Amino acid sequence: MLRGTSQLRLSSRLFSSCAVRKMIAPLDASKVQINKTKSPSKPKSNNELEFGKTFTDHMLTVEWTEKNGWGTPEIKPYGNLSLDPSCSVFHYGFELFEGLKAYRTPDNQITMFRPDKNMERLNKSAARICLPTVNGEEVIKLMGKLIEQDKYLVPEGQGYALYLRPTMIGTTPALGVSAPDRALLFVIASPVGPYYKTGFKAVRLEATDYATRAWPGGCGDKKLGANYAPCVLPQKQAAERGYQQNLWLFGPEKYITEVGTMNVFFVFKDSKTGKKELVTAPLDGTILEGVTRDSILSLAREKLSSDEWTISERYFSITEVAEKAAKGELVEAFGAGTAAVVSPIKEIGWGEKDIHVPLQPGKQSGALTEDIAKWIADIQYGKEKRGNWSRVVA
Ligand SMILES: *Cc1c(COP(=O)(O)O)cnc(C)c1O
């Protein structure tokens, strides 16, 4: 009885405060206001496109406050943000981002590759740093409307795409360290070309154990800006020694986790049974849950014969890779992420010597790396239909 009355009192209090205050608004794509640019740009020719250096004419912004919820989404000319210098993003790193691509299909539709996965991840990142979560479907609709404005800037041709960068920042103008009560979600878009203009170019990696990208109980499995800045110095140091990227190791066991800002896959072959294994690190909280990683695992489980292949998400170390290489059991290795899809690896600097990763004769990748690139491109460019992996957005 008592509990019943207090609940009643609570709900009537809630009701009256709602009646007085504005309702907390959900994110609503149908409310979008569009303010078109007066000076549309000329599309660049495909060979002028550089990754993430030029942007389309419009951007999307939506403000959020704890008090009123999501505001009116706006699509407006691309331009500077105006923020109070005390905003939480500048001092305590309240920032998250996503990266996904939209593709022009042969029948001139614009599709996105598994955008629901990016929205799911955006919400996990947001929850981790006390920023508001979103209704992912509404953001996908809004990105579709943004692309619609700049549709003529989406490049055409295999390997070309519009890279979308959804970002959320805390904008509370105060220096106290606390959960932001104001935030800004914005999306910018960059026309991009193929990561490899003239076929694959296999990379040399430095196995890095003196710096750690992510650790158990940390936030390396979230796409937070704060995870990236500290990884640039080790990358520069590896570059000084002639390696393009870091192969991030973890712990006394020297487990292989990721490469640069990509997930990483290795292929081993048991010299006795001839059986091959495609292996990547498990999602234990230290690995970014790549959409490309997930797509590769699904496709491999479906397309590779289980008589010849084992597909593993398991711990494996640089020592295991070195031992397998010495026995001739290392077949190929590649990084996986939205920007390059797959990025073949040819050498890994570890200790005093380099581990040599085989490539196909006269080529810059292993055979599976090449197959996977094709499987994914066929879905992205609409040659193959696969469930809801490709979403028509404009
Ligand atoms: C974004 C990212 C990836 C790849 O994720 P995709 O969804 O496949 O693009 C992998 N590792 C890190 C650290 C990343 O930031």
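User: Where in this predicted model is Lys 223 found?

Analyst: In this predicted model, Lys 223 is found in the loop that runs between strand E10 (203-208) and helix H5 (232-240). The UniProt record, an unreviewed entry, places the feature "modified residue: N6-(pyridoxal phosphate)lysine" at Lys 223.

User: Which residues are in contact with Lys 223, leaving aside its neighbours within four places in sequence?

Analyst: With those neighbours left aside, Lys 223 is in contact with Leu 96, Phe 97, Glu 98, Gly 99, Arg 121, Ser 125, Tyr 228 and Leu 288.

User: What makes Phe 250 buried, partly exposed or exposed?

Analyst: Phe 250, found in strand E11 (residues 245-250), has a relative accessibility of 25%. Buried requires under 20% and exposed requires over 50%; Phe 250 therefore counts as partly exposed. Leaving aside neighbours within four places in sequence, Phe 250 is in contact with Thr 212, Ala 214, Trp 215, Pro 216, Tyr 255 and Thr 257. Between Phe 250 and Tyr 210 there are 9.5 Å in space, C-alpha to C-alpha, and the two are 40 residues apart in sequence.

User: How do you know whether H6 and H8 are roughly parallel or roughly perpendicular to each other?

Analyst: The axes of helix H6 (residues 291-303) and helix H8 (residues 367-380) cross at roughly 105 degrees and come within 11 Å. Angles of 65 to 115 degrees count as roughly perpendicular, and H6 and H8 are therefore roughly perpendicular to each other.

User: Which residues of H6 and H8 meet, and how do they divide into nonpolar, polar and charged?

Analyst: From H6, Thr 292, Ser 295, Ile 296, Leu 299, Ala 300 and Lys 303 meet Ile 372, Trp 375, Ile 376 and Ile 379 of H8. The residues of this contact comprise 7 nonpolar, 2 polar and 1 charged.

User: Which residues touch the most other members of the largest nonpolar core, and which element gives the most to this core?

Analyst: Ile 147, Leu 164 and Met 168 touch the most other members of this core of 37 residues. H4 gives the most to the core, with 6 residues. Apart from this core lies another, of 28 residues, among them Tyr 163, Leu 304, Val 342 and Trp 375.

User: What does Met 168 touch, not counting residues up to four places away in sequence?

Analyst: On that basis, the residues touched by Met 168 include Trp 70, Phe 94, Leu 96, Leu 122, Val 134 and Leu 185.

Terms used. Residues are numbered from 1 along each chain as its sequence is written. This is a predicted model: local features need pLDDT of at least 70, side-chain atom pairs count only at pLDDT 80 or more; totals for chains, interfaces and linings use all residues. Side-chain values use heavy atoms; hydrogens and water are left out. UniProt positions are given in the numbering used here, feature names are shortened, and annotations may be inferred rather than shown by experiment. Helices (H or I, at least four residues) and strands (E, at least two) are DSSP runs, numbered from the N terminus. Contact means heavy atoms within 4.5 Å. Axes are lines fitted to C-alpha atoms, for helices over the stretch in contact, and angles run from 0 to 180 degrees between N-to-C directions. Angles under 35 degrees count as roughly parallel, over 145 as roughly antiparallel, 65 to 115 as roughly perpendicular and the rest as oblique. Ala, Val, Leu, Ile, Met, Phe, Trp, Tyr, Cys and Pro count as nonpolar, Asp, Glu, Lys and Arg as charged, and the others, Gly among them, as polar. Buried means under 20% relative accessible area, exposed over 50%, partly exposed in between (1.4 Å probe, protein chains only). A nonpolar core is a set of buried Ala, Val, Leu, Ile, Met, Phe, Trp, Tyr and Cys residues joined through side-chain atoms within 4.5 Å.
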